[in-house]
Amino acid sequence: MKPKVLILVALIFGSFTFGSSLWAHHASRQVYEGRSITLMGIVTGYEWANPHSIVSVAVKDERGNVQQWHAEILPPTEMLRAGWTKESVRPGDAVTMTGRPGKNAQRIMWLDYLVTSDGRRLGRTP
């Protein structure tokens, strides 16, 4: 009888330990606002990586000060399905980004879509 109890305790402990970290990674409502904003700027970096690719953009605020924003996209496999490539954007490209900004005045964004200077629209779906 004791081995069954030990296994059950181990399973419960494991589900709390690993389940909470999985929940934290996908809890975008806790990190990002519910509303969307649109920003225009110049790409300063583009990371094609797991678990989420990131595009970094220098954006001028109302006063003309440059702020660095980082937009979280999708994993590369899902980006390929949505029409992205490793060369979709490059540093120096002018882009317009629309997405949900980070809470607490963080300069991060959950990207809905990005429009390049030549009019290509890249988002989460094709």
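Tutor: Start with N104. N104 counts as exposed because its relative accessible area is 71%, and the cut-off for exposed is over 50%. Bear in mind that this is a predicted model. N104 sits in the loop that links β4 and β5. Its backbone is worth a look: phi is near 60°, a positive value, yet N104 is not a glycine.

Move on to A105. A105 belongs to the loop between β4 and β5. Phi of A105 is also positive, about 60°, and A105 is not a glycine either. Relative accessibility of A105 is 72%, so A105 counts as exposed.

Next comes R107. R107 is placed in the loop between β4 and β5. R107 counts as partly exposed because its relative accessibility is 41%. Now check its reach. Setting aside residues up to four places away in sequence, R107 touches Q67, Q68, W69 and H70. Take Q68: 39 residues separate it from R107 in sequence, but the C-alpha atoms are 6.9 Å apart. Contacts that span the sequence feature in the whole chain, too. Of the contacts between residues at least 6 apart, 55% join residues at least 24 apart.

S56 stands opposite H70 in β3. Their side chains also meet, in a polar contact of 2.7 Å. S56 itself is found in β2. Is S56 buried or exposed? S56 counts as buried, because its relative accessibility is 9% and the limit for buried is under 20%.

What does S56 contact, beyond its neighbours within four places in sequence? The list is I42, V43, T44, G45, Q68, W69 and H70. Q68, W69 and H70 are also touched by R107.

Now the pairing. β2 and β3 run antiparallel, joined by seven bridges. They form a hairpin with five residues between them. G64 sits in that turn, with a positive phi of about 90°. On the other pairing, β1 and β2 are antiparallel over six bridges. V43 stands opposite V57 in β2 there. β1 and β2 make a hairpin as well, with six residues between them. The loop between β1 and β2 holds P51. A cis peptide bond joins N50 and P51, with omega of about 5°.

The largest nonpolar core has 21 residues. Those with the most contacts inside it are V55, I73, W84, M97, M109, L111 and L114. β1 (37–47), β2 (54–60), β3 (66–72), β4 (94–101) and β5 (108–116) each supply at least two of the core residues. The largest share, four residues, comes from β1. The general pattern is that nonpolar side chains tend to be buried together in soluble globular proteins.

M109 shows the packing. Leaving out neighbours within four places in sequence, M109 is in contact with Y32, I37, L39, W69, H70, A71, E72, M97, T98, G99, R100 and P101. Note W69 and H70 again: R107 touches both, and S56 contacts both.

The chain has three helices and six strands, in the order α-α-β-β-β-α-β-β-β. Buried residues account for 35% of its 126 residues. Its accessible surface is about 8,400 Å², and carbon and sulfur atoms hold 59% of it.

How far does confidence go? Average pLDDT is 84, and 77% of the residues score at least 70. Residues 15–24 stay under 50, and the model gives that stretch three contacts beyond four places in sequence.

Definitions and conventions:
Residues numbered from 1 in each chain as written. Predicted model: local features only at pLDDT ≥ 70, side-chain atom pairs only at ≥ 80, totals over all residues. Heavy atoms only, no water. Core = buried A, V, L, I, M, F, W, Y, C linked by side-chain atoms within 4.5 Å. Buried < 20%, exposed > 50% of the residue type's maximum accessible area, 1.4 Å probe, protein only. Contact = heavy atoms within 4.5 Å. Polar contact = N/O pair within 3.5 Å; in protein donor to acceptor, adjacent residues only side chain to side chain. pLDDT = per-residue confidence, 0-100. Areas by Shrake-Rupley, 256 points an atom, 1.4 Å probe, with all protein chains shown as cover. Pairing = 2+ DSSP bridges.
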